[in-house]
Amino acid sequence: MGVHLVESGDTVWSIANQYGVSPQSIIEANGLLNSVQLFINQTLFVPLGEKDRSMRFSDNKWNIDRNYDSDLKRATPGATRSLIVQRNTLISVVLFWEPAYDNIQVSGYYILRDNIPIGFTQNRVFVDTNIKIGQTYNYKVTSYTADKIFSGYSNIVRVSITTYIGPVYWSKANQYSGYLKGTDVSFYTPELDWNKIKNDDIKFVYVRAGGSVLNGGYTPDFMAQKHTIGIKSVGLPVGFYYIPHWSNLDYDLNKASIEAERYADHILSLMNKVGINGYGDLLPALDIEPPLGQSEIGLTGKQIVDWAKAFCDHFKSYTGRTIMIYTNRSFWSDWNITPEINILNDLPLWNAEFYEFGAYLRFSDDTPMSFGGWRGYNIWQFTQSAIVGGYTRMDLNWCPSLDLITVPAKPINLNGFNASKGTVNLSWNKNTEIDLKGYNVYKDGVWITTNINNFITISNLIIGKTYKFQVQALDIFNDVSDSVFINVYISR
């Protein structure tokens with residue numbers, strides 16, 4: 001397929017004659033229907049047959065040289081491969097494809113539906129929202145270079161839009177980004193074969209530790225222990241989440257601290273059951289959503305975030321761990337929680353924007369929209385209808401890096417020596433986490449600075465005294481690693 005930029009005086013018939021094709025083929029390829037009115041600088045697709053090169057069939061040597069270099073290597077990009085319907089819902093079709101095997105530089109891709117161009121993108125994923133239930137569509141893709149030299153077509157894929165959504169599979173576009181799959185389970189999830197889950201490329205798991213009941217406070221999830229033991233038996237990292245019962249009938253900020261402590265203690269006991277001390281491998285999470293089947297909870301948005309803030313702050317002071325917020329844009333909108341009153345958006349976000357409800361997605365790149373003042377997400381829960389390890393109706397999440405949901409690693413190889421009069425030079429190996437903020441440095445248990453570099457000089461020390469220095473890594477969410485210590489005697 002070629003491209004023609006309409007100039008003054010051009011008509012469908014003159015363009016067709018110029019390229020040696022029929023006027024009807026141009027009309028159909030561009031969806032002109034019965035309209036033949038053209039506009040200056042309008043881009044038209046010109047179907048040129050199987051080779052689909054942006055040149056006439058009567059190419060002269062100059063035209064050929066535009067498409068072939070001096071070594072006669074092909075400068076027309078190869079056709080895209082393996083076009084698939086990644087998923088479809090009642091309102092959208094998501095397409096994904098592979099690039100050609102050649103090394104021709106591609107600038108982008110045009111997408112055609114039923115032989116009519118419907119859009120272009122620089123990515124390898126495209127979302128078509130102009131669809132109707134009951135219709136069947138045929139899609140194909142062509143790539144192009146910066147000079148608008150077009151490849152041949154990809155394979156054709158067909159999709160019928162029905163009222164049956166079906167299971168949603170792992171997003172292939174996201175998989176190619178290197179992001180990691182995870183799932184989450186609760187008492188709704190039966191006992192699972194965790195080897196099957198792990199073998200389905202699952203890299204992390206969250207377990208519902210518990211929830212609160214009206215006027216009853218924290219109540220453990222009866223499957224939490226069994227799930228935790230199974231997850232750790234196959235070596236997967238585990239984290240926990242808690243769902244408060246949001247209601248004006250028992251709203252009390254003092255209860256936030258009580259429930260935070262009970263949540264922390266329960267996590268500690270669950271990890272102890274698998275022989276590990278601590279509050280989980282992953283960030284603990286607080287679920288902010290209305291009780292199941294209930295939308296009216298009698299609380300204002302400000303009351304909700306105030307309670308959650310009190311809960312998270314107390315959990316941090318009680319355990320040293322940062323809480324991640326699980327919620328979505330719909331809840332925030334229903335409760336009128338604007339970025340101005342959202343005092344939680346400095347905490348990490350677990351964004352629940354399901355493929356099943358495509359209106360939540362930003363169709364340009366098939367990712368969830370931002371909301372609430374958060375600039376991104378640490379986890380995206382993208383479906384509740386996945387097949388994982390052969391089990392149906394499973395939640396699936398993706399995470400750019402486990403660094404974003406784990407505490408930093410403890411710095412290693414801490415060294416220190418009395419460099420000169422009253423000074424100590426400290427150094428250690430750099431951490432590799434993508435969300436690293438720096439390193440907290442302590443002297444005799446007292447914080448003295450947060451250092452960006454993995455080395456520091458400390459001065460004004462007393463000769464003849466031994467100091468105990470402590471270093472811990474710090475991430476952007478203020479989670480800290482275990483500390484590493486060294487004693488240095490000041491001899492000069």
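Strand 8 and strand 9 form a hairpin, with five residues between them. In the turn sits K148, with a positive phi of about 60°. The model is a predicted one.

N115 has a phi of about 70°, although N115 is not a glycine. Where does N115 lie? N115 is found in a loop, between strand 5 (108–113) and strand 6 (116–121). N115 is partly exposed, and its relative accessible area is 45%.

R393 is another such residue. Its phi is positive, at about 55°, and R393 is not a glycine. R393 is found in strand 21, which spans residues 391–399. Is R393 buried or exposed? Its relative accessibility is 59%, so R393 counts as exposed. The cut-off for exposed is over 50%.

Now the cysteines. How many disulfides does the structure hold? The structure holds zero. C312 has a relative accessibility of 4%, so C312 counts as buried. C399 is buried as well, with a relative accessible area of 0%. Buried here means under 20% relative accessible area.

Methods: Residues numbered from 1 in each chain as written. Predicted model: local features only at pLDDT ≥ 70, side-chain atom pairs only at ≥ 80, totals over all residues. Heavy atoms only, no water. Helix = DSSP H or I, 4+ residues; strand = E, 2+ residues; numbered from the N terminus. Buried < 20%, exposed > 50% of the residue type's maximum accessible area, 1.4 Å probe, protein only. Disulfide = S-S within 2.5 Å. Pairing = 2+ DSSP bridges.
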